[in-house]
Amino acid sequence: GRADVVIVGAGAVGAATAWYLAREKGLSVAVLEARAVAAGSTSRSAAAFRQQFSNRAHVKMSLFSRGEYERFPETFGVAPVFVQNGYLFLYTEAEAMAAARTRVEWQQAEGVTDARALTPKEVDGLPGLGCVFETSDLVGGTWCPTDGFLRPTEIASGFLDGARREGATLHVGARVTGFDVKGGAIRSVTVGGRHKIETGAVVVAAGWWSRTVAELAGCPIPVVAVKRYLYVTSQLRSRQVGHFPLVVADLGAYAR
């Protein structure tokens, strides 16, 4: 077979890339997935979404993404994929809070107009969160109500279904085993040790497996896996928590 672009990985990033290249650039796209759609990092993500970053590129990417996710049901004809419960950072150290205030000013200037710094009293006054937090040892917090969390497997499926309507092809169980590179350019991708797809461009979107894939083409990329732990509780009976924001305390943990 042949494709203008081969994408390795059918998680959220690979799926979105397929959609934009097929729809906006009119390119022929083949998506190769070794296991199943969203089977890797996408399905294991806590799927937190925020615009409260201290890096210009991150803020701009989040603002763009926010618009795409808010329009997702309209674009793809699916249920909402974005829960905008907000993102709340809590601080117990004055120095950290001072730095956070500076970040909020900077984020507002970059276009995140609803980000703001809070006093402990204002934290306690957020809708539906009164008496939830022990605020006596807090010095403040930062808050953005249009942050929240996503539904990542639905996002990957939505982008992929859209890309396929635009002519992209999805190949599941298609493990990349090699690349034909001549004169510094990709000529083809080998799948399963025998099938070749001719192409001039490959996008590696295989999460933490991306390094292994890219090494086959002689250009390893510095992506490594870092172990994380997610703890899942049963439903709390004493309180409705569906409206709670994603909470980040300065303890190295967060709650969703």
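Residues are numbered from 1 along each chain as its sequence is written. Because the model is predicted, local features need pLDDT of at least 70 and side-chain atom pairs count only at pLDDT 80 or more, while totals for chains, interfaces and linings use all residues; side-chain values use heavy atoms, with hydrogens and water left out.

**Stop 1**

Side chains of opposite charge can pair when their charged atoms come close. The term salt bridge is used here for a side-chain nitrogen of Lys or Arg within 4 Å of a carboxyl oxygen of Asp or Glu. A search of the whole structure finds eight salt bridges.

Select Glu-110 and Arg-56: they form a salt bridge, and their closest N and O atoms are 2.5 Å apart. Glu-110 lies in helix 4 (residues 94-110) and Arg-56 in helix 2 (residues 56-70), so the pair ties together parts that are 54 residues apart in sequence. Helices are DSSP runs of H or I with at least four residues, strands are runs of E with at least two, and both are numbered from the N terminus.

Is Glu-110 buried or exposed? Its relative accessibility is 16%, so Glu-110 counts as buried. Arg-56, at 46%, counts as partly exposed. The cut-offs are under 20% relative accessible area for buried and over 50% for exposed, with partly exposed in between (1.4 Å probe, protein chains only).

Arg-56, Lys-60 and Glu-110 are linked in a network of salt bridges.

**Stop 2: Glu-70 and Arg-66**

Stay on helix 2 and select Glu-70 and Arg-66, which both lie there, four residues apart, about one turn of the helix. Their side chains meet in a salt bridge of 3.1 Å, N to O. Glu-70 is partly exposed, at 39% relative accessible area.

**Stop 3: Glu-215 and Arg-211**

Move to helix 7, where Glu-215 and Arg-211 are also four residues apart, about one turn of the helix. The closest N and O atoms of this salt bridge are 3.5 Å apart. Glu-215 is partly exposed at 42%, and Arg-211 is partly exposed at 33%.

**Stop 4: the nonpolar patch**

Finally, select Trp-208, Trp-209, Ile-221 and Val-223. They form a nonpolar patch on the surface, with about 330 Å² of accessible area together. Patches are made of residues with over 30% relative accessible area and no salt bridge; like charges are joined within 9 Å, and nonpolar side chains (Val, Leu, Ile, Met, Phe, Trp, Tyr) within 5 Å. Accessible areas come from the Shrake-Rupley method with a 1.4 Å probe, and for residues only the protein chains shown count as cover.

Ile-221 is in the loop between helix 7 (210-215) and strand 14 (246-249). Its relative accessible area is 31%, so Ile-221 is partly exposed.
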